[in-house]
Amino acid sequence: LDDHGVRYEFHDYKIAGIDIAHLKAWSNLVGWEALLNTRGTTWRKLAPAQQANLDEAGAIKLMSENPSLIRRPVLESGRTVLVGFDAERYRSMLAK
C-alpha cells in the first residue's frame, strides 16, 4: 500500500478488538470460513467442542472473543474485503 501511495488506517484488532457488527459485515462479503484462521496456535488451543460444528454465529463469537482467530491481513475498501495477503489480488484492487 505504501509503495502505491494508498492511504490506509491500520487497525490492530489484537489490541483494539473488533465489534461483532464489523465481523458480520465482513462475513456477509467473504464468508466466515475465509475469515477464520484455523491454522494458528489460537485455533489449536481451543477445546475440540469449540471447534466442532461451527456456524457463522459461533465463528463470529469466537473471533470477537479471540481476535487472533481472524485471518490477516484484512483489507477493506468500500464494499470490497480481501482476507489474507495475495499480491495479485491486491494489484488488481489497486488498479481500479
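There are two aromatic pairs in this predicted model, where rings of Phe, Tyr and Trp, the last by its six-membered ring, pair if their centres lie within 6.5 Å, and planes under 30 degrees apart count as stacked, over 60 as edge-to-face and the rest as tilted. One of them is Tyr 13 with Trp 26, edge-to-face, at 6.3 Å centre to centre and 65 degrees between the planes. Tyr 13 sits in helix H1 and Trp 26 in helix H2, so this pair ties together parts 13 residues apart in sequence. Helices here are DSSP runs of H or I with at least four residues, strands are runs of E with at least two, and both are numbered from the N terminus.

Are Tyr 13 and Trp 26 buried or exposed? Both are buried, meaning under 20% relative accessible area, while exposed means over 50% and partly exposed lies in between, with a 1.4 Å probe and protein chains only.

Phe 85 and Tyr 90 also form an edge-to-face pair, at 4.9 Å centre to centre with 70 degrees between the planes. Here Phe 85 counts as exposed, at 57% relative accessibility, whereas Tyr 90 is buried at 10%.

A word on the basis. This is a predicted model, in which local features need pLDDT of at least 70, side-chain atom pairs count only at pLDDT 80 or more, and totals for chains, interfaces and linings use all residues. Residues are numbered from 1 along each chain as its sequence is written, and side-chain values use heavy atoms, leaving out hydrogens and water.

On confidence, pLDDT is the predictor's own figure for each residue, from 0 to 100. The protein has a mean of 92, and 99% of its residues reach 70 or more. Helix H3, residues 32-35, has the highest confidence at 97, and H7 the lowest, at a mean of 84.

Next, the strands. S1, residues 74-77, pairs with S2, residues 80-83, in the antiparallel sense over four bridges; pairing requires at least two bridges found by DSSP. Leu 75 stands opposite Leu 82 in S2. The two strands make a hairpin with two residues between them, and Gly 78 in the turn has a positive phi of about 65 degrees.

Last, which elements each supply at least two residues of the lining of the largest pocket? They are H1 (13-16), H2 (20-30), S1 and H7 (87-94). H7 gives the largest share, five residues.
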